[in-house]
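Visitor: Hi, could you walk me through this one in plain words?
Guide: Happy to, let's look together.
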Amino acid sequence: MTTHLTTHVLDASRGMPARGVSVALARLHDSGEVAHIADGLTDDNGRLALGPALLDPGTYMITFATGAYFDAQQVEAFYPLVTVSFTVAPAGEGETPHLHVPLLLSPFAYSTYRGS
């Protein structure tokens, strides 16, 4: 079974969605190989549907280019990249779960969680 992935980046320092953040999705294989799947930019609302319509079970990582985002605003920041690793579990019969991996961002801190 498979899963669909979206993300949402909020710039907590500005109290607004983070528009134009470059985001990449990769799969981590048991062999240690990292396979690039997709990339894109967050829209005006800080949102992005990423990758294929559905993801197979496995371990993935989503990387946000936070340094470039803050550089474009001429804001000093500590984290050039934020990478979040997560596991896609097998879905139940007939189920296609939606995974949402949001990022709450500021120049010197960030947090994330499994959204819905």
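Visitor: What share of the 116 residues in the protein chain is buried?
Guide: Buried residues make up 40% of them; buried means under 20% relative accessible area, exposed over 50% and partly exposed in between, with a 1.4 Å probe and protein chains only. Keep in mind that this is a predicted model, where local features need pLDDT of at least 70, side-chain atom pairs count only at pLDDT 80 or more, and totals for chains, interfaces and linings use all residues. Residues are numbered from 1 along each chain as its sequence is written, and side-chain values use heavy atoms, leaving out hydrogens and water.
Visitor: Okay, new topic: how many aromatic pairs are there?
Guide: The structure holds four; rings of Phe, Tyr and Trp (its six-membered ring) pair if their centres lie within 6.5 Å, and planes under 30 degrees apart count as stacked, over 60 as edge-to-face and the rest as tilted. One of them joins Tyr69 and Phe70, edge-to-face, at 5.0 Å centre to centre with 65 degrees between the planes.
Visitor: And are those two residues buried or exposed?
Guide: Tyr69 is buried at 5% relative accessible area, and Phe70 is buried at 1%.
Visitor: Why is the pair of Phe78 and Tyr79 called edge-to-face?
Guide: Their planes sit at 85 degrees, with ring centres 4.9 Å apart, so the pair is edge-to-face. Phe78 is exposed at 55%, while Tyr79 is partly exposed at 29%.
Visitor: Which residues form one aromatic cluster?
Guide: Phe78, Tyr79 and Tyr110 do.
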